[in-house]
Structure formats: structure tokens, C-alpha cells
Amino acid sequence: MRGPFLCAALIALVAPLSGLGGGRAIAQEDASFEAYAVQLGQQAIAQGVSRATVDAVIPTLSYNPRVVELDRAQPGGNPNAPAFAIPAFAPYRAAHVDSARIARGRAKYMNLRGLLSRVEARTGVPESIMVSIWGNETNYGSFTGDFDLPRSLASLAYEGRRRALFAQEFVDSLKIIDRGFPRERIVGSWAGATGYPQFLPSMYLRLARDGDGDGRADIWGSEADALASIANYFVNAGWRANQPWGVAVSVPADLDRSAIRNRTVSPRCPRVHDRHSRWMTMAEWRALGVTPLGRSLPDTAMASLLEPDGPGATAYLLTGNYRVILDYNCSNFYALSVGLLADAVAR
């Protein structure tokens, strides 16, 4: 629909180009991006975003090539890139479950026990898991990203590879501004994740919760809101109370891995799930000589095997709650680090 807003916005965006002649400073791609930004503004208006917010944001947007470069550099971002080789887990673990992160996590865990225990009682999500997600995402809020969210999301939408996804995230970022959070507050990662828990705007709108009782979910400044929101995410993803995420195990050298191979294909992140074995009971794993290195699981518990560093190194038997962590970030290294940091923080 071509309404007064569209015409006015186009005039505002195009007018500065007039009279520049052959020496104009704005590239054709910039002009094309500005025209696309106007379309995003119309999409936002159609979804109920206030005209005041749209008028404040759309004319200030400019294309950010850096976020597009970062997106294309991701595994799978470039279809012509060579096959991605899976590195060893041990160096990743050393960087993400290090002594400093464990110490900071324990301090947060002890200082916020009252809040954490209330959230766990209400949701069934362990206190240590909430803290670990916070620690893995932003090192307990010490760095939440410094990219302007609307600009990043508009640039990624304009690039077009995942236009529908990022266009909607852009609109949702404006909805957050409409809720009273200033644009300069909702900075985040280049891909649009924001706040202490690094929620995408759509996730914020759907799952963020008020944890401190002030009537709004401020995941950028309130630790209580951030932790309550993380727990709500896990509940929504199917977390089962009183079930560990997994246990470390030793695997006999003669284990027939072809016999336990997973023969199903996950509809989401198939390369991540392909590294897991098929599901078996803990009793069945024990019968094959797979032995817990510390805590164990009940004989009837279902678990799948993951050997992140291959045969001969520490392996893990994983429960359904591990898959919930994967829902937050579909990476085996990330999910293992969340579980291991949670265990270390609570120890």
C-alpha cells in the first residue's frame, strides 16, 4: 500500500541525492538499501509498530557491510566454501569452562541464590544451568555486543539470503523500542542477539519475563529478568525437572560403534545430531562397558553417546535435556560447555 508515509519517507531519503551529479557520494547500493528500508518501515507499520518509532529509525538506517561479511563467514554461509572440518573439543572447553569463568559463575550463583531458587522452584530449571547460559553467552553480562540492532538486522535482511527471517527480526526490534527501551540500549551481536541472555528480538517478545517485579522484562539491565527469561526459554523448549543434562563416561576400546549408530536424520542441525549415537537405556550402556566417571543416571534413563574428541578421550552420555540446551544454540561444543560449566559452578 502506497500511503502518505511511504511517499514522505521516499522524498526524505532521495532528496539529499539531488544536485550531486557525477560527484555524488552515495553508492547505488546505498540508495537501493535506503529504498528497501522504507519497505521495512511499511512492514513494521502493518504489524502495529508506532509511526513515531518508524519515523525515528528508518531515516537513520545505513547499510552495514560488516555484518554481511560476518554472516557469510559462518559455516554454511558460503555454499562455495570448502567442507568444514570439526576441530577438537578440548581447546574449546579450555576457553569456555576456564577457572575465571567458573569463579565468576560461583560468585553470581552464591549472590543470587534467593532469586535463583525461586525461579528453579517455579520452572524446574536448575539454578546452575541459568547461570551457565548467562556465563557462556555474555560472560555474566560483561559483554553483550555493540552492534546497533535495527541497522544490523536491516542490513542482513537486505542482503537477502535469509530475508524473511531478518526482516521479521528487524520489525520485532522496533516493537521492543515501542515498549519503551531506547534504541541505544538494545545493542547486541552482529546477528541480532541482544541482552544478557542474547535473545533475538522475536525471542524476547515471546519468552522474556519480568523477574524482579517492576512490570517489564529488562534483559539488558536486570539480572533477575535475564535469569527468569532464560529459565522460561528452557521450559518452553521442554526441559525436564530433576534430570541431569548428561554424564561423563569412559568407553571401552572395543565398542562396536557401527552397532550404536544413529540412523535417523534430525530436521534441525543434522550435522550436530549426526554425531550422537542412537538412544539406549543406561542399563544397556553399562552392559556395553560404558562406565560413568562420576555421577550416574538411573538404569531406565534414556541417553545417547557423544565422543567429541573421538575414541580414547572422555565421552558423554546425554539425556533429553541436552537437546534443550542445543535448542538454545545448536552446537555440541556450546551445549557441552553449558553443562560442564553448570556442574562446576554448582560443585
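Trainee: Where is arginine 268 placed in this structure?

Mentor: Arginine 268 sits in the loop between strand 1 and helix 13. Keep in mind that the model is predicted.

Trainee: Is arginine 268 buried, partly exposed or exposed?

Mentor: Look at the relative accessible area. Buried means under 20% and exposed means over 50%, with partly exposed in between. Arginine 268 has a relative accessible area of 39%, so this residue is partly exposed.

Trainee: Which residues does arginine 268 touch, not counting those up to four places away in sequence?

Mentor: Arginine 268 touches His273, Leu326, Asp327 and Cys330. The side chain of arginine 268 also reaches the backbone oxygen of leucine 326, at 3.5 Å. Sequence distance and spatial distance should be read separately. Arginine 268 and aspartate 327 are 59 residues apart along the chain, and their C-alpha atoms are separated by 9.3 Å.

Trainee: Cysteine 269 comes up next. Which cysteine does a disulfide join to cysteine 269?

Mentor: The partner is cysteine 330, with an S to S distance of 2.3 Å. Cysteine 269 lies in the loop between strand 1 (246-250) and helix 13 (270-273), and cysteine 330 in the loop between helix 15 (320-328) and helix 16 (332-346), so the bond ties together parts that are 61 residues apart in sequence. The structure holds 1 disulfide.

Trainee: Are the two cysteines buried or partly exposed?

Mentor: Cysteine 269 is partly exposed, at 23% relative accessibility. Cysteine 330 is buried, at 17%.

Trainee: Which residues of helix 15 are buried?

Mentor: Asn321, Tyr322, Val324, Ile325, Leu326 and Tyr328 are buried in helix 15. To read a buried face, ask what covers it. Here the cover includes helix 8 (127-138), helix 12 (223-237), helix 13, strand 4 (302-306), strand 5 (315-318) and helix 16.

Trainee: What caps the N-terminal end of helix 15?

Mentor: Threonine 319 does. One of its side-chain oxygens lies 3.2 Å from the backbone nitrogen of asparagine 321.

Trainee: Which residues does alanine 237 touch, not counting those up to four places away in sequence?

Mentor: Alanine 237 touches Val324 and Asp327. Alanine 237 is found in helix 12, and its relative accessibility of 28% makes it partly exposed. From alanine 237 to leucine 326 is 89 residues in sequence and 9.7 Å in space, C-alpha to C-alpha.

Trainee: How many residues does the largest nonpolar core have?

Mentor: In soluble globular proteins, nonpolar side chains tend to be buried together. In this model the largest nonpolar core has 83 residues, and those with the most contacts inside it are Phe170, Tyr204, Phe234 and Ile325. Helix 16 gives the largest share of this core, 10 residues. Apart from it lies another core of 15 residues, among them Val249, Leu255, Ala303 and Leu305.

Trainee: What is phenylalanine 170 in contact with, leaving aside its neighbours within four places in sequence?

Mentor: Its contacts are Leu40, Val57, Ile58, Leu61, Pro150, Leu153 and Ala154.

Trainee: How many residues of strand 4 are buried?

Mentor: Strand 4 is mostly covered, with 4 of its 5 residues buried. Next, read its pairing. Strand 2 (residues 280-281) and strand 4 run antiparallel and are joined by 2 bridges. Methionine 280 has alanine 303 in strand 4 as its bridge partner. Strand 4 and strand 5 also run antiparallel, joined by 3 bridges. Serine 304 stands opposite leucine 318 in strand 5.

Trainee: What is the phi of asparagine 139?

Mentor: Most residues other than glycine have a negative phi. Asparagine 139 has a positive phi of about 50° although it is not a glycine. Tyrosine 140 has a positive phi too, near 65°. Asparagine 139 is found in the loop between helix 8 and helix 9 (149-159), and tyrosine 140 is in the loop between helix 8 and helix 9 as well. Asparagine 139 is partly exposed at 26% relative accessibility, whereas tyrosine 140 is buried at 4%.

Trainee: How many helices and strands does the protein chain have?

Mentor: The chain has 16 helices and 5 strands. Buried residues make up 47% of its 347 residues. Of the contacts between residues at least 6 apart in sequence, 71% join residues at least 24 apart. The accessible surface comes to about 16,400 Å², and 53% of that surface belongs to carbon and sulfur atoms.

Definitions and conventions. Residues are numbered from 1 along each chain as its sequence is written. This is a predicted model: local features need pLDDT of at least 70, side-chain atom pairs count only at pLDDT 80 or more; totals for chains, interfaces and linings use all residues. Side-chain values use heavy atoms; hydrogens and water are left out. A disulfide is a pair of cysteine sulfur atoms within 2.5 Å. Buried means under 20% relative accessible area, exposed over 50%, partly exposed in between (1.4 Å probe, protein chains only). Contact means heavy atoms within 4.5 Å. Accessible areas come from the Shrake-Rupley method with a 1.4 Å probe; for residues, only the protein chains shown count as cover. A polar contact is a pair of N or O atoms within 3.5 Å; within protein, one must be able to donate a hydrogen and the other to accept it, and residues adjacent in sequence count only if both atoms are side-chain atoms. A nonpolar core is a set of buried Ala, Val, Leu, Ile, Met, Phe, Trp, Tyr and Cys residues joined through side-chain atoms within 4.5 Å. Two strands pair if DSSP finds at least two bridges between them.
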